Amino acid sequence: MSEKENNFPPLPRFVPLKPCFYQDFANEIPIEHQVLVKRIYKLWMFYCVTLVVNLVACLAWWIAGSASGANFGLAIIWLLLFTPCSYVCWFRPVYKAFRADSSFNFMAFFFIFGAQFVLTVIQAIGLPGWGACGWLAAIQFFQVNVGAAVVMLFPAIMFSVSAAMMAIAIMKVHRIYRGAGGSFQKAQTEWSMGTWRNPPSREAQYNNFSGNSLPEYPTVPSYPASSGHWP
């Protein structure tokens, strides 16, 4: 089988860098799970947009004169750090989990995405000194500058929506995983065998099956079909 050329992130030709990942929902993700995986991908994009809006709101907060530049600096760090890290640390694991029926990647997704959910809740609340324009910061700032406070409401709303969708997504994925008999022991087996690094796709597992040999993963995926709607 020929090596697939990386296609994500899509970069203009004049950029002297190449994409780092290969991503193809139609050919790599089972059709019954494509809607769910695509929605998690769109959730990642929405969270990145939220970080951009939060950066603008923190700038308005700073200009209005009631916040230190530390919040704006942290907002820049969150944007630069979490945009690529969230893709690599929790979207890629769930993509590979559904692509290859990988228990280890499911577990990685649950742990990291769970931490991301907790952080997003904190950002939605808007605790002081966190570099996030959440509800506390926005509501309190109405007494100082109404215009800036209105701008600060946008990331508060978007962080709240992100947190709600993250909670739904992790419950949805967990329901599918446990319904198929997934377990921590399977993840440990993948770790000990080293197959977690680059688990073969379901197509590759099927093509490698011959005679009495057995593939590294079940030949017939047993995940129940996910509905096209969020629960």
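**A close look at selected residues**

Tutor: Ile-139 is exposed, its relative accessible area being 51%. The cut-off for that term is over 50%, so Ile-139 qualifies as exposed at 51%. The model discussed here is a predicted one. Ile-139 belongs to helix α5, which comprises residues 135-141. Between Ile-139 and Ala-156 there are 9.9 Å in space, C-alpha to C-alpha, and the two are 17 residues apart in sequence.

The loop between α3 (69-100) and α4 (103-125) contains Asp-101, and Ser-102 lies in the loop between α3 and α4 as well. Asp-101 has a relative accessible area of 10%, and because buried means under 20%, Asp-101 counts as buried. Ser-102 is buried too, with a relative accessible area of 0%. The side chain of Ser-102 makes a polar contact, at 2.8 Å, with the side chain of Asn-105.

The backbone of Asp-101 also deserves attention: its phi is near 55°, a positive value in a residue other than glycine. Most residues other than glycine have a negative phi, and most peptide bonds are trans. A further backbone feature concerns the peptide bond from Phe-8 to Pro-9, which is cis, with omega near -5°. Pro-9 is placed in the segment before α1 (25-28).

Terms used:
Residues numbered from 1 in each chain as written. Predicted model: local features only at pLDDT ≥ 70, side-chain atom pairs only at ≥ 80, totals over all residues. Heavy atoms only, no water. Helix = DSSP H or I, 4+ residues; strand = E, 2+ residues; numbered from the N terminus. Buried < 20%, exposed > 50% of the residue type's maximum accessible area, 1.4 Å probe, protein only. Polar contact = N/O pair within 3.5 Å; in protein donor to acceptor, adjacent residues only side chain to side chain.
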